[in-house]
Amino acid sequence: MILGPGSKLKQTGKLAIPANVDGILVTTIGANAFYGYEGFSGVAIPKSVTSIGDFAFFWCKGLTGVTIPEGVTSIGEGAFQWCSKVKKVFLPASLTSVGGQAFADCPSVKLSVAKKNEVFEVVDGVLLDKVQNKLVE
């Protein structure tokens, strides 16, 4: 299945990404997978997913909240950029990599990180990389 701008996805409400398609385990949400979709307000990411690609949910203006499940280790560049209605994003303990501007231009977003996450923390609303001692763009 190929998804991206111009595709005819007519999803509204909460988008449920399947854990497997035709017997194949879904482990990655590919780059640009849902780029520009406005119809869905939430997304259920299965526990089988370990990575979210670059710009996977870029410009999904209807999206209001995301819970990244335990097991996801990386979120790509601009993955949720311009999701201007996103209010809450929970980042799991398993997360070790966040690409640049993953949550840029999300003015109302409140990030929270699992207490057991060894790499990231949120301080005064800002995502920090504890290992490299720097802000995550």
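This is a predicted model: local features need pLDDT of at least 70, side-chain atom pairs count only at pLDDT 80 or more; totals for chains, interfaces and linings use all residues.
In soluble globular proteins, nonpolar side chains tend to be buried together. The largest nonpolar core here has 38 residues, and Ile52, Phe57, Ile75 and Phe80 are those with the most contacts inside it. Strand S5 (40-44), strand S9 (88-91) and S11 are the elements that give two or more residues to this core.

A pair of aromatic rings is described by the distance of the centres and the angle of the planes. Nine aromatic pairs are counted in the model. In one of them, phenylalanine 34 and phenylalanine 57 have ring centres 5.3 Å apart and planes at 10 degrees; the pair is therefore stacked, since planes under 30 degrees apart count as such. This pair links distant parts of the chain, with phenylalanine 34 in the loop between S4 and S5 and phenylalanine 57 in the loop between S6 and S7, 23 residues apart. Both partners are buried: phenylalanine 34 has a relative accessible area of 7%, and phenylalanine 57 has one of 0%.

Phenylalanine 57 also pairs with phenylalanine 80. The centres of these two rings are 5.1 Å apart and their planes stand at 5 degrees, so this pair is stacked as well. Because phenylalanine 57 lies in the loop between S6 and S7 and phenylalanine 80 in the loop between S8 and S9, the pair ties together parts that are 23 residues apart in sequence. Phe34, Phe57 and Phe80 belong to one aromatic cluster, which also includes Tyr37, Phe40 and Phe103.

S5 in turn pairs with S7 in the parallel sense over two bridges, and here valine 43 stands opposite valine 66 in S7. Three bridges then join S7 to S9, again in parallel, with valine 66 opposite valine 89 in S9. Finally, S9 and S11 run parallel and are joined by four bridges, where leucine 111 in S11 is the bridge partner of valine 89.

Which residues form the covered face of S9, and which the uncovered one? Val89 and Leu91 make up the covered face, whereas Lys88 and Phe90 make up the uncovered face.

A further group of strands forms an open sheet. Its four strands follow the order S4-S6-S8-S10, and the pairing is parallel. Strand S4 (28-29) and S10 stand at the edges with a single partner strand each, so one side of each is left without a neighbour in the sheet. Within this sheet, two bridges join S6 to strand S8 (residues 74-75), and these strands run parallel. Isoleucine 52 has isoleucine 75 in S8 as its bridge partner.

Phenylalanine 55 is not a glycine, yet it has a positive phi of about 55 degrees. Its place is in the loop between strand S6 (51-52) and strand S7 (65-67). At a relative accessible area of 24%, phenylalanine 55 is partly exposed. Aspartate 105, also a residue other than glycine, has a positive phi near 65 degrees. Aspartate 105 is found in the loop between strand S10 (97-98) and strand S11 (110-113), and a relative accessibility of 35% makes it partly exposed.

Key: Residues are numbered from 1 along each chain as its sequence is written. Side-chain values use heavy atoms; hydrogens and water are left out. Buried means under 20% relative accessible area, exposed over 50%, partly exposed in between (1.4 Å probe, protein chains only). A nonpolar core is a set of buried Ala, Val, Leu, Ile, Met, Phe, Trp, Tyr and Cys residues joined through side-chain atoms within 4.5 Å. Two strands pair if DSSP finds at least two bridges between them. Rings of Phe, Tyr and Trp (its six-membered ring) pair if their centres lie within 6.5 Å; planes under 30 degrees apart count as stacked, over 60 as edge-to-face and the rest as tilted.
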